[in-house]
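Open the model in your viewer and keep the selection panel at hand. The tour goes from one selection to the next.

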Amino acid sequence: MSSAFEVRGGNRLKGDIVPQGAKNEALQIISAVLLTPEKVIISNIPDILDVNLLIELLADIGVAVNRVSRDTCEFTAANIDMAYLQSAEFKKKSGRLRGSVMIAGPLLARYGKAYIPKPGGDKIGRRRLDTHIIGFEKLGVQFVYDTDDNFFRLEAADGLKGTYMLLDEPSVTGTANIIMAAVMAKGTTTIYNAACEPYIQQLCKMLNSMGANISGVGSNLITIEGVTSLKGCSHAMLPDMIEIGSFIGLAAMTQSEITIRNAGVEHLGIIPEKFRQLGIHLELRGNDIYVPAQDSYEIQTFLDGSILTMYDHPWPGFTPDLLSIVLVVATQAKGSVMIHQKMFESRLFFVDKLIDMGAQIVLCDPHRAVVIGLGREHALRGITMSSPDIRAGVALLIAALSAEGKSTIQNIEQIDRGYQYIDERLRRLGADIKRV
């Protein structure tokens, strides 16, 4: 029997909360340890399922792993067992984990070979690997897709060679994988239309500290001069901006006074501004974000008075991972907003649960929803529901914490994949939540 969260809503929360390390950064950074035989120390690691599975996978491949504490780990990838990558056990384990695709770039750079399972994970539409594979091909990799066991076998028989490439889409994981493959390729690699999220900037910063030669970091045009080898390093991960956005939304929705400590404020881009557009007051105090208790918040309109549209866009635009949070928070605002989820299909399919709770939402199509704010005229009501993906799970949790009565959220493995000890941390703020 899988576990569930039982939530009694309506409590005002109060206190400080510290965001975990960034999940999306972790999967890339931890894969990058494969690029050197020397020791790499990584800190601020989120203690969550997806990340722990990847660390376990690296240990299986032959990386010496010393988990000094839950948030700090030493990796030494001196003796990699390439034969293990063709075993049935590796196929089974790596198939369960989206992040396992990220080990392909470093393995190609160092050994000229890699194996990628078809991606697993959650239900937010297809996650294509085209950007990764086409990028690798341009660097001189041949691939064979084995239909029997859903596996890509990649090999660079003559070694990797730098080249110019224009990506078909600024995929974050695709960009990261190609950068890791290219750091030891012969000559110069230029990647245009590269993703430039903080996750990618952090990866480049780490690789440069290992001796790579990457320029254009933070832009969508990245240039990599190949080097012959990389050395060890220490790297601290940024706080998770998705968690930070979730906590801002939680504070507003539950009329709570919350301080988010060590929030990596300079790396949040447009996120604080987007929550301000919903009428939420927040103060940036050094590296902390203070959200005062507010009885109501009013969604801004555009300057000509037309209804606000909020949509996702590659960085430095608004991250798709926070649209479900914004949508939930809008349900209790004054005013209306159109939420347009451009980058993934079927990420809005949790709105039926919010409608059951009493929210006023028109789902126009798989990509667009109009939220007509209730303006606190009546509270949402608690219901029993199931979480379809990580981000919707936390959005529903926020709805439940603001609702009247009891809610039960099932399938919370999806929440645990992305948020560490979320129930314990919310209880410390005064939330009535238990794991059953």
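The model is predicted: local features need pLDDT of at least 70, side-chain atom pairs count only at pLDDT 80 or more, and totals for chains, interfaces and linings use all residues. Residues are numbered from 1 along each chain as its sequence is written, and side-chain values use heavy atoms, with hydrogens and water left out.

Helices (H or I, at least four residues) and strands (E, at least two) are DSSP runs, numbered from the N terminus.

**Stop one: two helices**

Select residues 104-111, helix α4, and residues 172-182, helix α6. Their axes are 7 Å apart and the packing angle is about 15 degrees; axes are lines fitted to C-alpha atoms, for helices over the stretch in contact, and angles run from 0 to 180 degrees between N-to-C directions. α4 and α6 are therefore roughly parallel to each other (angles under 35 degrees count as roughly parallel).

Now show side chains. Ala104, Gly105, Pro106 and Ala109 of α4 are in contact (heavy atoms within 4.5 Å) with Asn177, Met180 and Ala181 of α6.

**Stop two: an open sheet**

Which order do the four strands have? It is β2-β14-β16-β15, with mixed pairing (two strands pair if DSSP finds at least two bridges between them). Select β2 (14-17) and β15 (283-285): each is at an edge with a single partner strand, so one side of each has no neighbour in the sheet.

Next select 257-260, strand β14, which runs parallel to β2 and is joined to it by four bridges. Glycine 15 is opposite isoleucine 258 in β14.

Last, select 241-253: helix α8 lies across β2, β14 and β16 (288-291), at about 165 degrees to β14.

Technical notes: Angles under 35 degrees count as roughly parallel, over 145 as roughly antiparallel, 65 to 115 as roughly perpendicular and the rest as oblique.
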